[in-house]
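Take a look at the model below. Begin with the fold of one chain, then turn to where two chains meet.

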Amino acid sequence: MDDSCHGPMPGGHSPVSEQDPDRLHIYAVGGDPAVTRMSGIRESLPAIVAHSLSGLFAGLAGLVIVARLGVGSPEVGTQGGYDLLSIAAVVVGGAVLAGGKGSIWGSLGGILIFATIDSLLGIMEVNPYLKEVVRGLIIIIAVAVYAKRTQLKRSARFDSLRTKSASSMKEGSIR
Amino acid sequence: MTTIRYSAQRQPLFSRTLHSFATPGGAIYLLLLALLIILTFYNPSLAEPDQMTRFIGRSVPIAVVAIGQYFVIVAGEFDLSMGAVISAQVVLAGNLIGQEPSRIPQVMVLMMVLGTVVGLVNGVLTSLLKVPSFITTLGTALVLSGLTFYFTGGAPSGNPADAFRAIGRGGLQNVPLIGFVPYSVLVLLFVAIGAAWLMKKPFGRMLIAVGDNPATTALAGASPWWIRTKAFILSSTAATVAAVLMVGYAGVSPVVGQGYEFTAITAVVLGGVAWEVDAAQSCPR
């Protein structure tokens with residue numbers, strides 16, 4: 001795991017550790033690739049690292065699932081809907097789909113919300129298909145509750161660099 | 001000829017066509033041609049006209065879904081709920097029509113209403129509540145497919161009358177030169193021409209403008225939320241049309257629509273439509 005994680009990193013740090021500049025590079029590329037490029041950071045490397053990490057963690061999840069099921073089922077990934085639900089959990093955890101914002105802790109919180117609701121509905125003996133319905137509603141409601149507020153308040157990660165008029169114009173756009 | 005070139009700044013049709021092959025939307029037709037030639041090489045019977053129309057007829061549902069998805073992507077959004085809409089509509093048709101052809105018109109009106117409502121919900125949640133369309137449509141997809149599975153118990157159920165299945169299955173016999181023309185090909189022609197016409201209308205131009213830059217579109221006096229909502233309504237209506245055709249092809253099952261939304265997105269992007277950035281460049285001419 002360590003090899004594939006560290007391989008492409010120039011400094012040899014783990015890209016998810018707090019102090020690492022490469023962690024910020026991932027944020028920067030997500031926020032604005034063009035500006036990142038102009039700031040002297042290669043925008044391709046963080047993107048490659050991010051994709052590699054996602055593949056690596058998907059592999060780890062596969063290990064956990066095979067340990068749980070005890071059999072190598074070729075359809076367990078697609079049928080589990082892991083791709084879309086993982087995105088949903090990350091967004092519920094506060095990450096922005098356009099990139100450049102969000103944290104690991106927020107994503108974990110999003111996952112915990114889903115897991116808690118799943119087991120709660122299980123205890124209440126709700127029909128498993130209706131569980132899906134509830135899950136869909138929760139995704140929409142959770143994001144809707146704070147989407148409006150965070151978008152109004154949302155500033156770029158480096159707020160001081162932004163002019164006020166530009167951001168207010170952007171907010172007025174959607175209404 | 002020269003007057004045309006000076007007055008309208010349009011090159012002659014032949015050179016325009018030639019130039020369009022250099023764009024993604026045109027190059028895809030060259031790729032398609034190459035694939036078709038390879039396909040007929042391995043399966044010569046495909047070159048016969050009626051086999052060709054049958055072949056096109058089978059791919060009509062995905063083409064209609066892709067056209068619906070096109071409106072949404074050009075407006076800078078996604079619609080991940082199309083597969084779930086297809087499944088829900090197919091199951092609805094299968095169970096409500098049953099063996100009584102007399103119910104077909106009412107049920108089709110109901111399906112259209114349901115499609116419109118889903119699109120309206122998607123659009124309003126996305127544009128007024130500012131939920132990213134990825135999340136909105138994923139949520140509606142989960143809700144719709146959950147309900148579909150709940151009411152069917154996860155197993156195929158309902159068997160619509162043959163008259164209804166004929167829309168997707170049947171066709172015009174003994175057409176001169178071609179032979180057999182499936183109704184679905186006629187539906188595709190209608191939808192494609194309608195969509196191209198719509199994109200030439202002010203609505204289509206606004207759609208591209210909203211996808212390109214919602215801020216300037218709003219400042220220019222348009223209401224981006226309503227334009228986007230209309231795009232969502234168009235996409236789920238397209239999914240409904242595809243569902244009507246798929247009842248004939250695929251039968252009634254709660255998983256018929258699975259994966260269609262991604263195939264449609266892939267098709268639209270392959271055809272050269274970029275979302276969010278420079279959508280204006282890919283406007284159909």
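The paragraphs below go from chain A to its interface with chain B.

This is a predicted model. Chain A has nine helices and no strands. Read from the N terminus, its elements run α-α-α-α-α-α-α-α-α.

Next comes the packing of chain A. Of its 175 residues, 23% are buried. Among contacts in chain A with a separation of 6 or more, 43% join residues 24 or more positions apart. The chain exposes about 11400 Å². Carbon and sulfur atoms supply 64% of that area.

Now turn to the partner. On chain A, 26 residues are in contact with 29 residues of chain B. Together the two chains bury about 2400 Å². Carbon and sulfur atoms account for 81% of this buried area.

Which helices of chain A each supply at least two residues of the side that touches chain B? They are α6 (82–92), α8 (128–153) and α9 (164–172). Of the elements of chain A, α8(A) gives the most to this side, with 14 residues. By residue class, the side of chain A that touches chain B divides into 17 nonpolar, four polar and five charged.

What of specific pairings across the interface? The count of salt bridges between chain A and chain B is zero. The rule also finds zero residue pairs in polar contact across this interface, with both residues required to be at pLDDT 80 or more.

Note on methods. Residues are numbered from 1 along each chain as its sequence is written. Chains are lettered from A and ligands numbered from 1 in the order in which they are written. This is a predicted model: local features need pLDDT of at least 70, side-chain atom pairs count only at pLDDT 80 or more; totals for chains, interfaces and linings use all residues. Side-chain values use heavy atoms; hydrogens and water are left out. Helices (H or I, at least four residues) and strands (E, at least two) are DSSP runs, numbered from the N terminus. Buried means under 20% relative accessible area, exposed over 50%, partly exposed in between (1.4 Å probe, protein chains only). Contact means heavy atoms within 4.5 Å. Accessible areas come from the Shrake-Rupley method with a 1.4 Å probe; for residues, only the protein chains shown count as cover. Buried area is the accessible area (1.4 Å probe) that two parts lose on being put together, summed over both. A salt bridge is a side-chain nitrogen of Lys or Arg within 4 Å of a carboxyl oxygen of Asp or Glu. A polar contact is a pair of N or O atoms within 3.5 Å; within protein, one must be able to donate a hydrogen and the other to accept it, and residues adjacent in sequence count only if both atoms are side-chain atoms. Ala, Val, Leu, Ile, Met, Phe, Trp, Tyr, Cys and Pro count as nonpolar, Asp, Glu, Lys and Arg as charged, and the others, Gly among them, as polar.
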